[in-house]
Amino acid sequence: MPIQIFTLLLAAGIALTSPAAFAQQKKALASSKAKAAETKVVGDADLAHRNKIAMCIGCHGIPGYKTAFPEVYHVPRIAGQQPAYIVNALKAYKAGERSHPSMRGIAASLSDQDMADLAAYYGVPAK
Ligand code: HEC
């Protein structure tokens, strides 16, 4: 039976050490979160491409940049703008400083990170 006793001891050892390991993991996670909060929001164009532009291309991806709802109107080209310009425009819609209803609705649903990601995807950084 020595093997069974050994297994039992091993299990007890794991049970005793794991709360400490867990606490350490939690600490590491908290400090990495704090670091993320300190750093500036950096846009991820790839992430935007995969997950976030689906809600923009319906209007901003149309050849000629016209959309038909609620009436035919011109949609500005956003690809190739400065990323900072795109972020500022989105923030202005979200804050109500710009008043276009559909853009306000869309911008309201975007986080700072979403805006940075979208700007990184659509924008061309200043040279
Ligand atoms: C329902 C159609 C529609 C959708 C969807 C849409 N937009 Fe727009 N967007 C517009 C229109 C129309 C304008 C011009 C509004 C105005 O006159 O202020 C605009 C303006 C903008 C501007 C300002 C452009 C400038 O030259 O000042 C930005 C930036 C922008 N949109 C980004 C986005 C992003 C990013 C998304 C996706 C998250 C998106 N839009 C989704 C219709 C849309």
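Start with the shell around the ligand: by class, 13 nonpolar, five polar and one charged residues. Here Ala, Val, Leu, Ile, Met, Phe, Trp, Tyr, Cys and Pro count as nonpolar, Asp, Glu, Lys and Arg as charged, and the others, Gly among them, as polar. This is a predicted model: local features need pLDDT of at least 70, side-chain atom pairs count only at pLDDT 80 or more, and totals for chains, interfaces and linings use all residues. Residues are numbered from 1 along each chain as its sequence is written.

Select the ligand. It is surrounded by 19 residues, the closest being C56, C59, P76, H100 and S102 (near: C-beta atom, placed from the backbone, within 6 Å of the molecule).

Next, colour helix 3 (54-60), helix 4 (83-95) and helix 5 (101-108); each gives the shell at least two residues. Helices are DSSP runs (H or I, at least four residues), numbered from the N terminus. Helix 3 has the largest share, five residues.

Move to helix 6, residues 112-122. Eight of its 11 residues are buried, so the rest of the structure largely encloses helix 6 (buried: 20 or more other C-beta atoms within 10 Å of its own, C-beta atoms placed from the backbone). Among the buried ones are D117 and Y121. The cover includes helix 2 (45-52), helix 3 and helix 4.

Finally, show helix 4 with helix 6. Their crossing is right-handed. On the helix 4 side, P83, I86, V87, L90 and K91 make the contact; helix 6 brings M115, A116, L118, A119, A120 and Y122 (contact: C-beta atoms, placed from the backbone, within 7 Å). This contact has 10 nonpolar, no polar and one charged residues.

Definitions and conventions: Buried ≥ 20, exposed ≤ 12 C-beta atoms within 10 Å, placed from the backbone. Contact = placed C-beta atoms within 7 Å. Left-handed = near helix turned anticlockwise from the far one by under 90°.
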